[in-house]
Amino acid sequence: MTSETDHSHGPHGLGEAVAARIERRWAALSIVIVGVLVCMAAFIGIHQATMPQGRVETADPTTLHLSGEFVESNLGSALEADGSVTVRAIGQQYSFTPQCLVVPADTPITIRATSADVVHGLLIEGTNINTMLVPGYVSDLPIRFKSPGEHVMPCQEFCGIGHQGMWGKVQVVDQTAFRNMAASKRRLTCVD
Amino acid sequence: MLINKRLILSHFWLAFIVFGAALVLGAWQMFVRSPLNAWHFNPEFYYRSVTAHGTVMGYVFPTLVAMGFGYAISEAALEQPLIGRRWAWAGLILVAVGSVVAMIPVSLGLASVLYTFYPPMIGNPFYYIGVVLVVVGSWIWVALMSINLAAWKRDNQDKPVPLAMFANVAGSYLWGWTAVGAALELIFQIIPTALGLTATIDAGLARVFFSWTLHAIVYFWLIPTYIAYYVIFPRAIGGRLYSDAMGRIAFILFVVVAMPIGVHHLFADPQVGAGLKFMHSVFTGLVALPTLLTVFTIVASAEIASRLRGGKGVFGWIGALPWKNPIMLATALSFVMLGFGGAGGLINMSYQLDSTIHNTQWVTGHFHLIFGGAIVIMYFAIAYDLWPHLTGRALDSLGMMRAQLWLWFIGMIVTTFPWHYVGILGMPRRMAFYDYANPAISPQAFSVTMSAAGGLILLTSGILFLIVLIRGQFAARGEAGAYRFAIPLHMPVRIPVALNSFGLWLALMIGLTVINYGYPIAQLMVLKGTSVPAVYVGAAR
């Protein structure tokens with residue numbers, strides 16, 4: 001099936017020096033390609049502030065329900081004094097709490113979330129909002145929705161045999177509607 | 001010269017048998033999660049199957065191919081009988097026993113934790129112990145490759161190490177060191193918890209350890225394929241290797257930069273900070289270099305072969321290549337898949353683009369295209385190339401071999417392209433079923449059906465592959481001659497020490513890993529209150 005050729009010199013007088021020169025040029029071009037890609041990622045990260053969370057925060061999953069920011073009465077969307085919104089949520093086998101998030105459009109939002117048991121994930125379809133929920137740690141993610149609408153929010157990490165049933169929802173409403181809702185309640189969800 | 005043919009053949013047969021079994025599971029998974037299947041089945045079977053498919057395809061199959069091919073290279077390239085034959089058999093037995101020990105609890109549904117383990121979910125201890133045995137078996141191979149090279153160097157002090165063996169030993173070191181991450185996770189975290197010695201585990205730390213293994217393991221899978229590009233392909237098509245030195249540089253780059261980049265799997269994780277993620281992202285860019293260099297060298301080698309056959313013109317030479325030769329075909333198809341897969345990889349490497357597709361079906365599509373496609377099609381080519389030398393019988397079903405390779409390629413494209421697409425739509429991975437009646441999910445239904453059809457094509461190709469090999473075992477006897485590797489266009493007479501030995505590169509490999517992993521590991525070990533209760537799976541409730 002195979003054949004063997006045995007020329008002791010290169011064909012057509014292709015010199016070793018020429019071969020090495022072409023090769024060096026290609027190697028240089030490769031380095032430039034990789035360099036450009038890395039610089040692009042760094043530039044966009046700094047320029048558009050799309051960077052992963054800066055520091056590591058912890059939360060004990062065994063006491064989430066007793067104290068701290070992830071007690072049940074504190075979960076959901078909170079309107080902050082500066083007009084931004086903080087959404088707190090937890091993932092557990094096999095649902096999110098709250099199961100449906102309500103947030104305003106065109107507003108800076110911070111999602112703070114963690115897990116009460118195993119590793120979960122949170123992905124909002126139709127957006128690039130995507131984070132892991134690792135028990136013991138807090139995920140902190142700045143997000144913003146352009147326009148009102150509904151999105152599904154599946155758990156994107158295998159979390160046990162009920163994983164396929166772990167789908168939440170996100171309702172994006174316009175700013176005024178959200179402010180009206182926030183006037184009467186401290187923490188908002190679209191579950192109730 | 002191949003002496004221990006039975007040893008090598010046993011590795012390959014075991015590899016391809018487990019591959020066939022896992023392929024059936026894969027095709028079944030593609031079907032049950034598609035709209036073709038009604039919902040009435042136990043989702044636990046799906047996760048059981050994914051665990052088995054991933055464990056076999058990720059840990060057992062490529063490891064056996066690398067080991068068997070490694071022994072063949074050691075004997076053929078160094079032209080000396082393998083030192084440590086009994087140890088090699090012991091390694092093979094350990095891998096086989098480990099696989100069985102791991103697969104029993106998985107098939108009983110006692111360890112449906114997927115091959116990525118996912119603590120704090122904890123399955124039956126025997127699953128993890130089996131995986132450790134597989135790794136220990138492969139470490140024997142790592143040691144033997146190093147011992148065989150050292151013995152050859154003692155007797156051939158002024159000669160350059162043959163490229164095939166240089167690359168093979170590079171791959172073995174890469175594996176030896178990258179497996180340490182998962183080994184630390186298993187031995188110090190998961191197995192004690194699975195045995196009930198501890199009740200809590202730091203899931204974040206475990207993910208950091210696993211990422212140390214998770215990325216470079218892909219390069220371990222890749223190295224037999226790259227070796228085949230460099231030392232089988234040019235010879236098989238009647239040409240010469242364009243550059244021996246560039247091959248060495250490519251393999252050295254894999255050894256040095258494949259490891260300290262694994263944190264790009266944790267871009268979306270809360271337990272690692274932004275600075276470290278950026279550093280790993282940059283190193284991930286660097287790992288594209290050896291592939292870019294390889295593509296150039298191998299295409300240039302193909303051009304040499306074509307011009308020797310009378311190929312003319314700027315592009316005309318492409319038509320003059322020996323397209324009927326299965327090795328030619330496999331390499332070309334592998335390159336196409338490597339191109340698409342590599343482009344996808346560059347997308348995964350940047351934090352901004354990754355956040356759109358992280359943990360979606362895109363990722364599964366990506367690594368199936370790269371590993372199942374570009375890499376595994378060359379495992380087929382390696383088997384086709386080696387088989388006559390191992391069995392002493394001709395492998396002459398050339399038409400069937402070509403059909404098999406084309407089917408694998410088509411199957412892989414039909415499976416993975418829609419898979420990437422639904423990932424961009426946001427479809428999460430690793431779910432037993434989807435509610436296609438939901439208007440948010442229904443647009444994904446057609447693509448998933450296509451992927452399932454692709455799975456069937458792949459299964460057909462896999463069956464054909466096994467038929468070709470079985471027919472080869474029963475073909476007429478024929479002497480295949482000595483097993484040789486491609487000769488470079490310019491045979492290196494003297495070679496710099498750096499391109500002929502590993503000391504410096506191993507120091508860099510370990511040093512960079514310590515730098516890039518030392519900080520997050522130390523940080524998480526110091527950080528209090530991060531250990532969380534284990535969640536035992538498969539236990540009676």
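**Note on a predicted two-chain model**

1. B:I495 is found in the loop between α14 and α15 of chain B, where helices (H or I, at least four residues) and strands (E, at least two) are DSSP runs numbered from the N terminus. The structure is a predicted model, in which local features need pLDDT of at least 70 and side-chain atom pairs count only at pLDDT 80 or more, while totals for chains, interfaces and linings use all residues. Residues are numbered from 1 along each chain as its sequence is written, chains are lettered from A and ligands numbered from 1 in the order in which they are written, and side-chain values use heavy atoms, with hydrogens and water left out.

2. Is B:I495 buried or exposed? At 18% relative accessibility B:I495 counts as buried, a word that means under 20% relative accessible area, with exposed over 50% and partly exposed in between (1.4 Å probe, protein chains only). Leaving aside neighbours within four places in sequence, B:I495 is in contact (heavy atoms within 4.5 Å) with B:P160, B:D244, B:R248 and B:N500. The C-alpha atoms of B:I495 and B:D158 are separated by 9.3 Å, although these residues are 337 residues apart along the chain.

3. B:N500 is found in the loop between α14 (445–473) and α15 (503–526) of chain B, and B:N500 is buried with a relative accessible area of 13%. Not counting residues up to four places away in sequence, B:N500 touches B:K153, B:K159, B:P160, B:V161, B:F166, B:R248 and B:I495.

4. Over all chains, a search of the whole structure finds 43 aromatic pairs, where rings of Phe, Tyr and Trp (its six-membered ring) pair if their centres lie within 6.5 Å, and planes under 30 degrees apart count as stacked, over 60 as edge-to-face and the rest as tilted. B:Y173 and B:F502 form an edge-to-face pair, 5.3 Å centre to centre and with 80° between the planes. B:Y173 lies in helix α5 (residues 163–194) of chain B and B:F502 in the loop between α14 and α15 of chain B, so the pair ties together parts that are 329 residues apart in sequence. Both B:Y173 and B:F502 are buried.

5. The rings of B:Y226 and B:Y229 have their centres 5.2 Å apart and their planes at 40°, so this pair is tilted. Both residues, B:Y226 and B:Y229, lie in helix α6 (residues 203–236) of chain B, 3 residues apart, or about one turn of the helix, and both are buried. Elsewhere, ring pairs link a cluster that includes B:F12, B:F61, B:W387 and B:F465.

6. Which residues touch the most other members of the largest nonpolar core? Of its 223 residues, these are B:F12, B:F61, B:Y71, B:Y127, B:Y128 and B:W387, a nonpolar core being a set of buried Ala, Val, Leu, Ile, Met, Phe, Trp, Tyr and Cys residues joined through side-chain atoms within 4.5 Å. The element that gives the most to this core is α6(B), with 24 residues. A second, separate core of 13 residues includes B:W419, B:V422, B:Y436 and B:V448.

7. Chain B has 15 helices and 4 strands, and buried residues make up 66% of its 541 residues. A compact globule with 541 residues would have a radius of gyration near 24 Å, and the 23 Å of chain B agrees; the radius is taken over C-alpha atoms, and the globule rule is 2.2 Å times the number of residues to the power 0.38. Of the contacts in chain B with a separation of 6 or more, 84% are accounted for by residues 24 or more positions apart.

8. Some backbone details deserve a check. The peptide bond from B:P119 to B:P120 is cis, with omega near 10°, and the peptide bond from A:T97 to A:P98 is cis, with omega near -5°. B:N359 has a positive phi of about 60° although it is not a glycine, and at 4% relative accessibility B:N359 counts as buried. Phi of B:R430 is likewise positive, near 60°, in a residue other than glycine, and B:R430 counts as buried at 9% relative accessibility.
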